[in-house]
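Good morning, colleagues. Please have the sequence and the structure open before you while I speak.

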Amino acid sequence: MTVYTPPGQSGSIVEYRSRYDHWIGGEYVPPANGEYFENPSPVTGQTFCEVARGTADDIEKALDAAHGAAPAWGRTSATERANILNAIADRIEANLEKIAVAESWENGKAVRETLGADIPLAVDHFRYFAGAIRAQEGSVSEIDENTIAYHFHEPLGVVGQIIPWNFPILMATWKLAPALAAGNAVVLKPAEQTPASILYLMDIIGDLLPPGVVNVVNGFGAEAGKPLASSPRIRKIAFTGETTTGRLIMQYASANIIPVTLELGGKSPNVFFSDVAAERDDFYDKALEGFTMFAFNQGEVCTCPSRALIQSDIYDQFLGDALKRTEAAVQGNPLDTETMVGAQASNDQLEKILSYIDIGKAEGAKVLTGGERADLGGDLSGGYYVTPTIFEGKNSMRIFQEEIFGPVVSVTDFADYDDAIKIANDTLYGLGAGVWTRNGTTAYKAGRAIEAGRIWTNCYHAYPAAAAFGGYKGSGVGRENHKMMLDHYQQTKNLLVSYSGVRDGFF
Amino acid sequence: MTDSADVSRVAVTDAAAELLARLRRRHGELMFHQSGGCCDGSSPMCYPAGDFITSDADVHLGDLSLSDDGGPGPAVAFTVPVWMSRAQFEYWSHTHLTIDVVPGRGAGFSVEAPEGVRFLIRSRLFTDEEAAALR
C-alpha cells in the first residue's frame, strides 16, 4: 500500500508548473490575449495551477507551426517515425509512476488505475503504432499486361484533435499515435477539465519530436475548440465527446469537406445469462467483478456498463452478490493505491450525476445502494465524490437511456435470450456491451446480435491495442485502437501507369 | 381542463435566465440543443443562434421567454429556443425540463463555460393532467 503525496507538497514525486502556456512549435508560448484559467484538482477542489486560455489567434499560431513542420515530417521514413514513437513509449515507461500520479491528481481517478491501466496502455499504444506503420504496405493492382495501379499511403497533412477529460493521457495517445505514425502534424486541444497532465507529458517527451509536429493549445470549447474544428487549415478533425458537439463538429467539417472521426459515448448493456450462476467458481467471481466495472474510473467511461441485464431465474441471487461486491469497493483518496473509486472530474459532473439520481427516483427506480454524494472528510471534503449507486428499474426510464457518466448502474431483468437482445438494443447508442455466459453458442449469437462496436465477452473494460474500438448507431464514426485507424489519417495516392507504347485509338 | 398550449416542456431558473441575458449581450441571440452521450453529454448546449443547424432529426421543445433588464436602456424581451434530437426525445418526452446553472467547467462548445459555470438540466415527471394535455 502506498499513499502518494499530493503534487505541490514537499516529498511529492510530481511537480506541476504553477502556470502552463501553450505548447507550440516545440516551446511554450504565452496566450495571445494574456489570459489564464484556474485548474482545480477534483481530489480537493483546490486550484493547483493555471493554464493558458487559448483563442482563435493561438489556434492560428499552432496551425502555422504545424504547417511548417508537416511537409518534412510527412517525408520521414516509416522507420524514423516508428523509432520516435518507440522512444516516446520508452520515455513514458521510465517516468510511469510520476505521470500516473500527475494524471490522478488532475482527473481525480484512482492512482491504481493510472498505474495499472491508463499509462501502461499509453506506452503499449505508441509501440503498437510504431509496429503497425513499419508493417504497412501499399498495394499494386495489375489492370492488364501493360497497365499497373500503384497505391501509396500519404499523410493528410495537418489534423485537429479534441481530447476528452476522462482519460486525458490515454485518449490523447489513442489519437496522437496513429496520426504521428501516419506522418501528420497535429494541433491538439485537451479538455478544459484536464488541461495540464498532457503538458506534464509534453515536458517529458516533447524533445523527442521535431518542433511543430505536436502542438497543444488549451482553452474553452467555444473559444479554442471551435476555431480549431472549423478551421479550413486542417485536413481532418477527430473528437471524443458527446452527441451535440459531435454533430456540430460534423457540420463544421462539412463546410471544409474534411473527414471526421467521432467517439460519442454510449449506454452499454452488460448481459448476464442464467448459466453464469451455475457454479460458485472463479468465473462467477469474475462475472461479479464484471458487474462492478460500472464504477471503474468513477463511471466516467464512454463504455461504462451502465445497464446491467440479469436473467430472471438468477436475478435475486446474482444481484444480491453483486450488491455486496459493489459495497466492498473502496472509495477514498485517489492517491492511495488501495482506493478503487476516486473523485468525479469536476463539480458540474458531480451536479449532473446527482440530478440524474433525482430523476431516477422520481421515475420510480429503486436505489439499492449509494445514491448520494460522499463526504470523505479532511482535505477531501471539497472534492467531488459520489457513492457507487445501483438502481433497479425499467429500460424505458431515463436513467437507462442517458449516459450519466458517473458510478451509477441501472439494473433490470430479462426472461430469455430474445428479451435480452431486445432490451440490449433498445438504446440510441452502440459503443460497448458485455456478454456473460458459460455457453459458447449463446456468447457468439448474443455478441453478433447486439448492435455495438465492441462486445466484451466474459470480460469487460479491457482496451488492448489491436482490438478495434468504435461505435454503432449514435456512438460515432471510426475505429480507434487498431491499425485500421491509420486509414483515417492517410490519403490514398493512386498512380495509374501504362507501360504500353500503343495509342488507345479514340483520337 | 389544461390545454396543451398552457403546458410547457421547458423552463428556466432565475439564475440561468440572468446568465442567458448576460451571454446574449456578448454573443447575440442564443439557442439550446440538449446533448446526449459521453463526457459532457446529457447536458444542454448553448450556442449563438444558428450556429448549430437543426433539422427534421430534431424536436423544438419550446422557447424560453426571457427579459434582459441588466443592460443599458429599458428591459429587452428575448426568446431562446430549446431543441433536442428526435430520437432522444422518444425517451425524454414524459419529463419536464428546467435549465439551471451550476459552478463548473463544462466541455463542448457551449458558450457559458468560460464564465466558470455550466448549464444543467433538472427534470421532473409531467403530472397526469399535463401529460394528457400534451397528448
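In this predicted model, strand S4(B) is joined to strand S5 of chain B, residues 76–85, by ten bridges, and the two run antiparallel. Within that pairing, Leu64(B) stands opposite Val80(B) of S5(B). Both strands belong to an open sheet of four strands in chain B, whose order is S3-S2-S5-S4 and whose pairing is mixed. Its edges are formed by strand S3 (44–48) and strand S4 (58–68) of chain B, each of which pairs on one side only. From one strand of this sheet to its neighbour, the average turn is 25 degrees, direction ignored. Which helix lies across this sheet's strands? Helix H1 of chain B, residues 14–27, lies across strand S2 (30–34), S3, S4 and S5 of chain B, and runs at about 90 degrees to S4(B).

I turn now to a sheet in chain A. This open sheet has three strands in the order S6-S7-S23, with antiparallel pairing. Strand S6 (139–144) and strand S23 (490–498) of chain A are the edge strands, each pairing on one side only. The twist from one strand to the next averages 25 degrees. Strand S7 of chain A, residues 147–155, pairs with S23(A) over nine bridges in the antiparallel sense. One pair to locate on the screen is Pro155(A) with its bridge partner in S23(A), Gln490(A).

Next, the domains of chain A. Domain 1 comprises 19–264 + 475–493, and domain 2 comprises 269–457. Their C-alpha centres lie 30 Å apart. How many residues does each domain bring to the contact? Domain 1 of chain A contributes 19 residues and domain 2 of chain A contributes 25 residues. On the domain 1 side, the elements that give two or more residues are helix H3 (96–107) and helix H4 (111–135) of chain A. By class, that side of domain 1 has six nonpolar, nine polar and four charged residues.

In general terms, nonpolar side chains in soluble globular proteins tend to be buried together. Here, the largest nonpolar core has 189 residues, and those touching the most other members are Ala66(A), Leu85(A), Val187(A) and Val271(A). H4(A) gives the most to this core, namely twelve residues. The core draws at least three residues from each of domain 1 and domain 2 of chain A. Let us take Leu85(A) as an example. Beyond its neighbours within four places in sequence, Leu85(A) is in contact with Phe126(A), Phe129(A), Ala130(A), Ala177(A), Leu180(A) and Ala181(A).

Pro31(A) lies in the loop between strand S3 (27–29) and strand S4 (36–40) of chain A. Is this residue buried or exposed? Pro31(A) counts as buried because it has 22 C-beta neighbours inside 10 Å, where the cut-off is 20 or more. Setting aside neighbours within four places in sequence, Pro31(A) is in contact with Asp21(A), His22(A), Ala52(A), Arg53(A), Gly54(A) and Asp58(A). Of these contacts, Gly54(A) is 23 residues away along the chain, and its C-alpha atom is separated from that of Pro31(A) by 5.9 Å.

Ser346(A) is buried, because 28 other C-beta atoms lie within 10 Å. Which residues does Ser346(A) touch, not counting those up to four places away in sequence? They are Pro42(A), Gln193(A) and Tyr384(A), together with Gly104(B) and Arg105(B) of chain B. The C-alpha atoms of Ser346(A) and Asn107(A) are separated by 8.3 Å, although these residues are 239 residues apart along the chain.

Thank you for your attention.

Notes: Residues are numbered from 1 along each chain as its sequence is written. Chains are lettered from A and ligands numbered from 1 in the order in which they are written. This is a predicted model: local features need pLDDT of at least 70, side-chain atom pairs count only at pLDDT 80 or more; totals for chains, interfaces and linings use all residues. A residue is buried if 20 or more other C-beta atoms lie within 10 Å of its own, exposed if 12 or fewer, and partly exposed in between; C-beta atoms are placed from the backbone. Two residues are in contact if their C-beta atoms, placed from the backbone, lie within 7 Å. Domain bounds come from an automatic or database domain assignment. Ala, Val, Leu, Ile, Met, Phe, Trp, Tyr, Cys and Pro count as nonpolar, Asp, Glu, Lys and Arg as charged, and the others, Gly among them, as polar. A nonpolar core is a set of buried Ala, Val, Leu, Ile, Met, Phe, Trp, Tyr and Cys residues joined through C-beta atoms within 7 Å. Two strands pair if DSSP finds at least two bridges between them. Axes are lines fitted to C-alpha atoms, for helices over the stretch in contact, and angles run from 0 to 180 degrees between N-to-C directions.
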